[in-house]
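Keep the viewer open as you read.

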Amino acid sequence: MFRIQKAIFLFLLFSFSAQIIHAQETVIPRLIWKVNKVDLGSVLEEEGAKIAEFEFTHTQDSLFYIDEVITDCGCTTVDYSKDTLDVGGTGKLLVSFDPSSTAGFFSRMIVVKGNLIGSQDTLYIEGTSIPFPENPALTYPRKEGTLGFRLPKVNLGEVLTNIPKVKQVEVYNFGSEPIQRKDLIYNGPEYIKVFQQEEMIYPNQRGLLDVVYDAVIKKELGFSEDQVLLTWAGEKAARLDVIANVFEYFPPLSKDQLNQVPQLSISPTEIDLKEISANSIQNKSVTLTNKGREVLEIRKIQGNCNCLVLEISKTSINPGESVDLKITFDPKGRKGIDQRNIYIFSTDPLNSVQLLVLKSRIE
């Protein structure tokens, strides 16, 4: 019995050792991709296929070539480098997407398999496919001269201070003359720029405008609405109403940093004034406390109504220190259930924007 157990033990030991040696000998080769996901943005159906380009570098000692590329949809076709690459060699993979295959947001997966064991990578393309409208007048109801827009405002949503945000806006040319990219002039705040993607937008055709919003130049947090006037060769004119919510960007924190950063605490976070008269001005206050270990900066305090007056004695709060935020609410001209929102922007990286609610029932 002992000899049998010993034989089994030796067999398992040799098998395990062989697996370790095999694993050490078969190092998994890897490709270094510049990007593994490409956002194609808005893709107009009539403009045909859109191309996404992926570049890679071969980093292992063995010779490498792409053996097979698999896509998850017939709407994508792939062309790629078929050369055999030595270490340091580079190649490209071009993915063509057909926008006529779908409508709305899309996300497609591309699997790249190489000749070496374990060399398999997954790439992605995404964007929004926009079909050509059957009735342009209904699809683009907002008219600015000879131009049609889908929506009355350009909503950029959240804009962070670390990088400009780009919003693509559709425009339909209802006029009889083409709109040339070289003729576009935009006039608005310096932090908003507008570019035409297509060299020419022909009559009864669509194009895309890139609206670029730079929050670093804006230098102000919170909600804002701006107007930008567009003209082409001084003739065709359109007004863009651009709305955005600007938030300060904070880089990711390590676990050790979590207890060192400033932390804003608001007490209370909700005030119920109950039943009040429309002729009675209300005065309240809340306490802002820095529970962190670094100085807290109050960047901005913004109410959602000019009926609010918000006052604070200082904007730099030391660790452990508290200050009062004084709130004056004038309910004149209001009636019924009412809610006012107050947004506090600070350098608390975990909660950089906090909400304070003021409720009432106005008679």
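A disulfide here is a pair of cysteine sulfur atoms within 2.5 Å. One of them ties C305 to C307, with an S to S distance of 2.2 Å. Keep in mind that you're looking at a predicted model, where local features need pLDDT of at least 70, side-chain atom pairs count only at pLDDT 80 or more, and totals for chains, interfaces and linings use all residues. Residues are numbered from 1 along each chain as its sequence is written, and side-chain values use heavy atoms, with hydrogens and water left out.

Both C305 and C307 are buried, where buried means under 20% relative accessible area, exposed means over 50% and partly exposed lies in between (1.4 Å probe, protein chains only). The count comes to two disulfides, and the other links C73 to C75 at 2.3 Å between the sulfurs. Its S-S torsion is about 140°, so the C73–C75 bridge is right-handed. C73 is partly exposed at 21% relative accessible area, whereas C75 is buried at 6%. Number the bonded cysteines in sequence order and the pairing reads 1-2, 3-4.

Most residues other than glycine have a negative phi, and most peptide bonds are trans. Against that background, S267 and P268 are joined by a cis peptide bond, with omega about -10°. P268 sits in the loop between strand 20 (264-267) and strand 21 (270-276). Strand 21 also holds K274, a non-glycine residue with a positive phi of about 60°; K274 is partly exposed at 49%. K219 has a positive phi of about 60° too, and isn't a glycine. You'll find K219 in the loop between helix 3 (215-218) and strand 18 (222-232), where its 74% relative accessibility makes it exposed.

Time to zoom out. The protein has three helices and 28 strands; these are DSSP runs numbered from the N terminus, with helices being H or I of at least four residues and strands E of at least two. How far does the C-alpha trace span along its principal axes? About 95 × 75 × 35 Å. Of the 363 residues, 38% count as buried. Counting contacts as heavy atoms within 4.5 Å, residues 24 or more positions apart account for 65% of the contacts with a separation of 6 or more.
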